[in-house]
Amino acid sequence: MTALDPGLALVVSVAVAGGLEVTVGEPPAAVHPVALLGRAVGRLEGTDFGVPRLAGTVYALSVPTGCALAAYAVVALAVRLPLPLVGAVLAGLVLWVASSVRLLVESGRRVVDSSETDLEDAREALLALVGRDASGLSPGLVRSAAVESLAENFSDGFLAPLSAFLALSFVSLPAAAAAAAFLKGANTMDSMFGYPGPFGWASARLDDLLMFVPARLSTPFLAVGAGDPEAPLRARRYAREPASPNAGWPMGTLAAALNVRLEKPGAYALNGVADHPTVSEGHDAVGAIRRGAVLAYGAALAVGVLRWL
């Protein structure tokens with residue numbers, strides 16, 4: 001059996017993930033591994049055995065590790081088959097499941113489109129993107145929240161798994177799949193439990209650690225996607241305003257590139273001298289996310305091609 005060239009394997013995996021993202025978007029919710037994971041870990045809350053911080057720490061580490069081990073095992077077995085291309089395809093499936101951008105773009109577009117014509121629908125649609133109370137938000141603040149979430153989720157939900165997959169592909173294809181699965185598992189735990197309190201403390205801190213590099217790495221992709229490569233330089237002035245050590249970087253980059261005010265009332269206002277996004281600027285943000293994702297996939301493919309040649 002001839003092993004697949006590592007560069008070709010990376011190209012195939014990224015092409016599979018990107019192709020499925022374009023043609024399918026998301027697996028059906030009933031069988032989506034991340035949705036199934038979310039339902040499973042939702043039962044963990046309340047099972048803290050009287051030591052919520054310790055229990056939360058154990059869950060924060062064991063759930064992503066379990067995801068990583070499962071992905072590693074499946075791909076490791078597949079690459080040993082007589083057709084090693086199967087392993088690259090399965091690794092691409094793992095990457096596709098672990099990273100998501102089409103649903104993010106579609107959700108953001110719905111919020112922006114409805115924000116002027118049907119504010120209640122926009123507020124309801126916003127709940128798919130953010131956890132804050134949207135009931136009293138004005139149209140401008142609704143669009144602001146949507147743009148903030150687009151930027152942050154581009155970093156956490158898309159670029160983080162992709163960059164982890166790319167980095168660990170230099171070790172092995174199973175390691176790359178495991179890295180993407182671990183990132184997705186950790187991000188899911190943070191989304192479910194990473195709020196202030198002893199049980200969610202470890203999930204939030206682990207997510208902060210894992211997203212440190214992707215948040216900063218996202219800035220050139222978002223800036224170029226928005227047509228303003230210098231935006232990250234200006235975003236440095238207010239990237240540290242949010243409490244999160246990471247979210248301000250992608251959000252600040254879009255705020256600078258689009259020259260809009262991104263505000264969470266009572267918490268922060270990025271680029272406070274500007275106005276909240278208009279409908280047109282909201283669409284510009286959606287376009288920046290889409291183009292940034294294309295650039296990121298292209299960069300990963302380029303790395304694979306260079307390794308292959």
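Figure 1. T278 counts as partly exposed because its relative accessibility is 37%, where buried means under 20% relative accessible area, exposed over 50%, and partly exposed in between (1.4 Å probe, protein chains only). The model is predicted: local features need pLDDT of at least 70, side-chain atom pairs count only at pLDDT 80 or more, and totals for chains, interfaces and linings use all residues. Residues are numbered from 1 along each chain as its sequence is written, and side-chain values use heavy atoms, with hydrogens and water left out. T278 sits in the loop that links strand 2 (268-270) to helix 13 (279-308). Helices (H or I, at least four residues) and strands (E, at least two) are DSSP runs, numbered from the N terminus. R43 is 235 residues away from T278 along the chain, and their C-alpha atoms are 40 Å apart.

Figure 2. N271 lies in the loop between strand 2 and helix 13. Its phi is positive, about 55 degrees, although N271 is not a glycine. N271 is buried, since its relative accessible area is 9%. N259 is in the loop between helix 12 (248-258) and strand 1 (262-264). Phi of N259 is also positive, near 55 degrees, and N259 is not a glycine either. For context, most residues other than glycine have a negative phi.

**Figure 3. Helix 4 against helix 7.** The view shows helix 4 (residues 85-98) and helix 7 (residues 139-168). Their axes come within 9 Å and cross at roughly 155 degrees. Axes are lines fitted to C-alpha atoms, for helices over the stretch in contact, and angles run from 0 to 180 degrees between N-to-C directions. Helix 4 is therefore roughly antiparallel to helix 7. Angles under 35 degrees count as roughly parallel, over 145 as roughly antiparallel, 65 to 115 as roughly perpendicular and the rest as oblique. A91, L95 and A98 of helix 4 meet G157, P161, L162 and F165 of helix 7, with contact meaning heavy atoms within 4.5 Å. By class, this contact has 6 nonpolar, 1 polar and no charged residues. Here Ala, Val, Leu, Ile, Met, Phe, Trp, Tyr, Cys and Pro count as nonpolar, Asp, Glu, Lys and Arg as charged, and the others, Gly among them, as polar.

**Figure 4. S169, a buried loop residue.** S169 is placed in the loop between helix 7 and helix 8 (173-193). It counts as buried because its relative accessibility is 7%. Leaving out residues up to four places away in sequence, S169 touches L10, A176 and R307. L10 is 159 residues from S169 along the chain, yet their C-alpha atoms are separated by 7.0 Å.

**Figure 5. W308 in helix 13.** W308 belongs to helix 13. At 43% relative accessibility, W308 is partly exposed. Its contacts, not counting residues up to four places away in sequence, are D5, G7 and L8. W308 and L10 are 298 residues apart in sequence, with 8.9 Å between their C-alpha atoms.

**Figure 6. The chain around these views.** The chain holds 13 helices and 2 strands. Along its principal axes, the C-alpha trace spans about 60 × 55 × 35 Å. Buried residues make up 53% of the 309 residues. Of the contacts between residues at least 6 apart in sequence, 70% join residues at least 24 apart.
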